[in-house]
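Subject: Structure handover

Hello,

Here is the structure we discussed. Please look it over, then read my notes below.

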Amino acid sequence: MNDFSVEAKGLTKYFGDFKAVDDVSLTVPTGSIYGVLGPNGAGKTTSLRMTLGIIDPDEGTSRVFGERPQAVRHRIGYLPEERGLYPGMKAREAIAFMGALRGLDWSEGRRRAATFMTELGLERVIDEKIRKMSKGMAQMIQLIGSIVHGPDLIVLDEPFSGLDPVNQERLEMLVRRERDRGATILFSTHVMAHAERLCDRLAIIARSQRRFEGTVDDARALLPMQVRYTPRGDADAAAIAALLPAGAEPRGDSWFFPIEDVDVEPLLARITGSGLGVAGLSITRPALHDAFVHIVRQVDASFDADASTDAVEEALA
Amino acid sequence: MTPFLKNMLVIARRDFLAIVATPTFLLFLLAPLFMVGMGLAGGMGASQLADSARGAGRIVAVVGADDVEALRAADTRLRASVARRVPELEVRIAGPATTDPIAIAREKGSDTYAVLSGPLATPRIIEREADSNAGHYLALLADDVLRLKAAGPLPAVAPKFEALSSGGTSIALQQSLGFGAVFIIFLLTLLLAGQTVSSLAEEKGNKVIEILAAAVPLESVFLGKLLGFLGVAVLFIAFWLAMALVGGLIAALRIDPAALASVQSASKATAALAAAPATGWPFFLGIGFVYFILSFLLLGAVFLGVGAQAATVREIQMLSLPITIFQVGMFSLSTAAASAPGSSLSTIAQIFPLSSPLAMAARAATDDSKAVHLLALGWQAVWVALVIFLSVRLFRAGVLSGGGSWKFWRRSGRAAALAATAAAATEQAADRH
């Protein structure tokens, strides 16, 4: 068995003169849930499409289970960003059709479709035509269609968009269950809450390039912890400021400041020894959302700086 | 079965059922009835018009009582030998009240094309139009009557007719069969293969194309679609063949056997030269059907490939006209080839991939060599594969990748947009400094 289900290296894609994806590499461990995060238009979908061999990269290579993605299509399940089903098909037939495309027998596909739909509370629309369904329901049908053949790699492009909270939870459950079955899950999203709950590892893509790769904790560790300290009684602001690290800001009764892991214990010692007292103290790790925003903003800032420099050079030339 | 074939059949099955299992398919299936109905109505109208026109026309001869019978006999004799249809002859005996030919020519009730009066040696002929056939015919009748009178009674002719036991095969009829094959294959292809131009529009419209592209090779998608449409076409043909057979059987059962026998003997008598294709009926019909399939696949593949590049329904509609004109072009080329077997034009039509099935079907009617058809089928199959291959490459590079489109107007549009953006950026930079 391969250690990595997906090994994409240096994927690059131009659309005309626009570099949509620039040297993106993705290495997805087998049996993991891997998230590809990024703002809108970052290049997530194009990266996934190249990874699966739907479109050819201008540079770079992609291997799935050690082979060309086209050679292992039957082991892959894919939910594209742009949802698509034949409106005239009944739900069960649509799922069986998608299974048949990956080599699953039609009758077995129909049987599995009924099982999946019943599990997900969709049994009442088994023989309903797609055109009569709500968008969310049709999306769930398509999701079932992408996993009905029991794939070893499931690639979901923005799977949560368009789903209500109940169906989002069902989808999370389904993703975990498929991972427990042994499948590898690769999904893209720009909703951090799902990534934070689901991902074993993740990559952040911004402005066409991969900017981060690691675990959720690795991402959160990019930013220092945040401290909120509320002294007891009416303490002198100058005395408090002297006690706390530089950059501490007062807001109402409390003071806010970032802190590194190693500085926590000395800070606590200073506070308890100062006699200012503690009416409230919270030390929180930043969420994945904060880390994501931080990374994206950094990238945007460097781009803006580059653009200004280019404009100056162009004008001077 | 290989995965490729399996995938192809999955796509074909879906497409076939999506077309056949709809109420509109019934309309499609019965569409020829409308065509036949309209044709019958138009034909009946035209026939009635022709009949009434024929019934109203006449030529009139005003002659002495002695010449009436001789004139009628001459009309009977000569009428069969005159190529052009001559209006009915009305013979009147000359009398004081009936001798004014102008008055006769102006009589109401029917069209009078010419009136002959006066002595047969120097007849006066009033024509509706100068130098008309009707006038010349009346002069010919007068001449014939006078000649017979001058020659006196003729000895009776006793002809002895002999017929060849076998008349052989008519070259002209074989060419007609060739033309018929070209026409039928063209008509069926025109009616049925043109649909493939919009067949990928559904997948592009409802975004299923990405699912298909991720799951199976695009070649199997294209071929599967062609196969699905071919299935619909074959079903259409089978339905109408069955209807024709049933109709023929019912008609045969209702016809009096004696009348049928007389018709058969009459047709035997008239068919001095057999109307059999050079390769024989079973081979000709079989190969004709195979050529229809190849023609369908070839043109269908071209249309599918071109249609796949269209971004909107409007673009597909715009493509319909050049496609139809192109098909008519192939028909004209093949028809010309069928009417000149063995010519260089016919060779070109047989080699050019898109006219090859039509021209080769025509060749099966006039040339008895059979091995050449195997070669032609292989050649055409290679072109089907080549067209599919190119269509898929274009589709992948252009439509699916969302860039690198082959459409020059889009390329030039994008280039212009990029140039404009670059110009704006330069302008902004200059403003800042």
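Two residues count as in contact if their C-beta atoms, placed from the backbone, lie within 7 Å. Helices (H or I, at least four residues) and strands (E, at least two) are DSSP runs, numbered from the N terminus. This is a predicted model: local features need pLDDT of at least 70, side-chain atom pairs count only at pLDDT 80 or more, and totals for chains, interfaces and linings use all residues. Residues are numbered from 1 along each chain as its sequence is written, with chains lettered from A and ligands numbered from 1 in the order in which they are written.

Confidence first. The model scores ipTM 0.83 and pTM 0.74. Over residues 403-433 of chain B, pLDDT stays under 50. The model has 23 contacts beyond four places in sequence for that stretch. Where pLDDT is low, the predicted coordinates should not be read in detail.

Chain B overall. It has 16 helices and four strands. Among contacts in chain B between residues at least 6 apart in sequence, 77% join residues at least 24 apart.

Cores. A nonpolar core is a set of buried Ala, Val, Leu, Ile, Met, Phe, Trp, Tyr and Cys residues joined through C-beta atoms within 7 Å. The largest has 144 residues, and A:Ile144 and B:Ala361 touch the most other members. Helix H11 (residues 281-309) of chain B gives the most to this core, 15 residues. A second, separate core of 22 residues includes B:Ile59, B:Val62, B:Val63 and B:Ala74.

Helix H5 of chain B. Its buried residues include B:Tyr137, B:Leu138 and B:Leu141. The buried residues of H5(B) pack against strand E1 (57-63), helix H3 (68-79), strand E3 (111-117) and strand E4 (124-127) of chain B. B:Gly152 follows H5(B), with a positive phi near 80 degrees.

Chain A, one residue. A:Arg228 sits in strand E10 (residues 225-230). A:Arg228 is partly exposed, because 14 other C-beta atoms lie within 10 Å. Its C-alpha atom is 4.8 Å from that of A:Phe256, 28 residues apart along the chain.

Best wishes

Terms used
A residue is buried if 20 or more other C-beta atoms lie within 10 Å of its own, exposed if 12 or fewer, and partly exposed in between; C-beta atoms are placed from the backbone. pLDDT is the predictor's confidence in each residue, from 0 to 100.
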